[in-house]
Amino acid sequence: MLSACYDKGAWHWGGRDGANSISDTEQLLCLLYPATEIQAFALDQPDDMSDDIRSVLISLGEETRIGGALVGVLEDYFTRYTAPDGEPIFAAGSYLRTTDEREPSAEQYGLEVVDAYSMSLTLCISSLRFLRVFQRFVDKEVRREARELSARIRVLMPRVSTRLTAAMTGLVRSFVVHTPSPKSDQGQAILGMLNQIGAPEDAVIAGIARRLDRVRVQMANDVKLGQTPDIDLEDDLLLFECGWSWGIDQKASPIDFVSGRIGNQPGYAVSRPDLYFTIVALDGIDDLTWRRTREMDLLNDEQRQLADALELRWDLTQRYWSTAARYGPGRWPLEDIPWRTSDGEESDYYTLAVATMVLKDFANRQTTEELPELVAVFDQLARRGRIISRLTAGDPAAALHYPGVQMALPGSEGIGGGPPLVWVVPDFATLLLKRSLQAWQLSGDVAMRDRLMSLAELTMDHLGRRQIATGPATGLWDDAERVAGSQRPGLAKTAVEPDFEAESEDVAVQPSWYLTERVVECLVSADRNFREPPLAMRSMITRAVEMRSEAEHLLNQEMLEVGDPDVSQVMLSRIEQQLDEARRLSNEQPATAFILAGQALQQLYELAYARRDATRA
């Protein structure tokens, strides 16, 4: 990463898609997210920095200066994306695409999307974690440079907090509830997915209303902040869906207790949830609600109020989509691949997005009863997306990875005289990898875990083939041409698809911070998984206890038969230590305890056999 963006003491922003508030946030998170989530990569305690981290970051300076260099990068970022009046800038800029050859208007380039809010939320929390701990280290130093650095940190932290408040406000005002009539096109699309057995429409409407009654009531009573005042959740004959639109809702009400522009600025997004932006918002809120954020007391009173509002929406959204995806007595609607959205769009990506919310709901409720059905959907998506099977000539699945799925941004058309805008999403593989790892962590079944880990490894192999192989960005992502390029003759060109043949070699090997950051998220998730204790199956615990019990009984018999204290006592003492260790590990590592007890039994057998052999002689 440093080879790609740090040279001659200066940090260089931008990648393949140019510099914008989202790409630069992703670029910085590639370094800061692991540094605040994985203890081995921590940069806030220079005295404890590991040798390999120190050597890799030597271009930033000695270990005492690495933290200061990172503070300088943060200062540069917050200066770039703070307006002269002090308001945070979340413009999507060069990430926005059009459906034809026209360029977006200047006003459209300034549009803010949920990605910007969610990524900024994660960055601000990571920054506050780093700065809080690093400042304590700096304050212990007596050098003049340390005093100056401490003063810079004290100026920087309020700027981070201001951006965090704005990002949370943007997410609250981007949450939408859509209540279509069953007879409308949107209502028919929803019913078409829910009704898997051809039941009468009235029965489906009444059935889903019963299943979602608690969600509906809680949403009507508790979701008030920043919401559209005319949402009708009282009528059981109307369908509804909830989640996040691509940006602030056209009808979102102001949030009065938040100072600054974002609390009352107008929105442009239509009041209909978008599955991609919904899971992006949920992932950002995951970082906000994580235990360590509350433990470190990173939020002020205003932010805690916003956090409570987001956590409520986080919970209701997961419950809604999990219920809808599993509705009915027959097969799940989720299993009817591809998922069809209320605006009539279909894609395997949407199925994966809904499966993500089902998994989040399972993890929130700590239930695994229906996890096998969900894992089967992951398997099928991996095959359909050519993760675990090869691409063929003209394979339409290639478009999932390159150039990616196009998401329309309804409400963006006409702003500043510009054309309709789309958002291009090439992260199908990283999304599947992250959810496979999360399902692995949730599962309590050895066979299921093995299946999920195999899927994760195959997905990582796919992503490994997409790493950039030449130039300063070697090892980063994304060279999708290596996977999908050979199939390009059978693919139709789109307005948003880059023409790699026309690009210079320099541009072609620049990293995509969009995909690189998402791979980093997956690796952090994998680190969390592997640091957990191994799965302890009850059956394995029972076998380990039974074997240890037999070994302890035989050990006691041998202790009564000791004839040569200089020889046997040493061996018996060693066996006793093994069995003590087996007892200690029985509940956490029963397989290891089983092996230790087995080794003890073998040694006890050899002792007994040797004694019998001596008696016969």
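## Surroundings of Leu111

Leaving aside neighbours within four places in sequence, Leu111 is in contact (heavy atoms within 4.5 Å) with Phe90, Ala91, Ala92, Leu96, Trp246, Tyr268, Ser412, Ile415 and Leu421. This is a predicted model, in which local features need pLDDT of at least 70 and side-chain atom pairs count only at pLDDT 80 or more, while totals for chains, interfaces and linings use all residues. Residues are numbered from 1 along each chain as its sequence is written, and side-chain values use heavy atoms, with hydrogens and water left out.

Leu111 lies in the loop between helix 5 (106-109) and helix 6 (114-140); helices are DSSP runs of H or I with at least four residues, strands are runs of E with at least two, and both are numbered from the N terminus. Leu111 counts as buried because its relative accessibility is 6%, where buried means under 20% relative accessible area, exposed over 50% and partly exposed in between (1.4 Å probe, protein chains only). The C-alpha atoms of Leu111 and Gly247 are separated by 8.3 Å, although the two residues are 136 residues apart along the chain.

Strand 8 and strand 9 (residues 421-425) run antiparallel and are joined by four bridges, and Ala408 stands opposite Val422 in strand 9.

Strand 4 (residues 175-178) pairs with strand 5 in the antiparallel sense, also over four bridges. Val176 stands opposite Gly243 of strand 5. In a regular strand the side chains alternate between the two faces of the sheet. In strand 5 (residues 241-244), Glu241 and Gly243 point one way and Cys242 and Trp244 the other way, and all are buried.

## Overall architecture

The protein has 24 helices and nine strands, and its C-alpha atoms fill a box of roughly 105 × 75 × 55 Å along the principal axes. Of its 617 residues, 55% are buried. Among contacts with a separation of 6 or more, 74% are between residues 24 or more positions apart.

The domain assignment, which is automatic or from a database, gives domain 1 (1-486 + 509-531) and domain 2 (538-615). The centres of domain 1 and domain 2, taken over C-alpha atoms, are separated by 53 Å.

Methods
Pairing = 2+ DSSP bridges.
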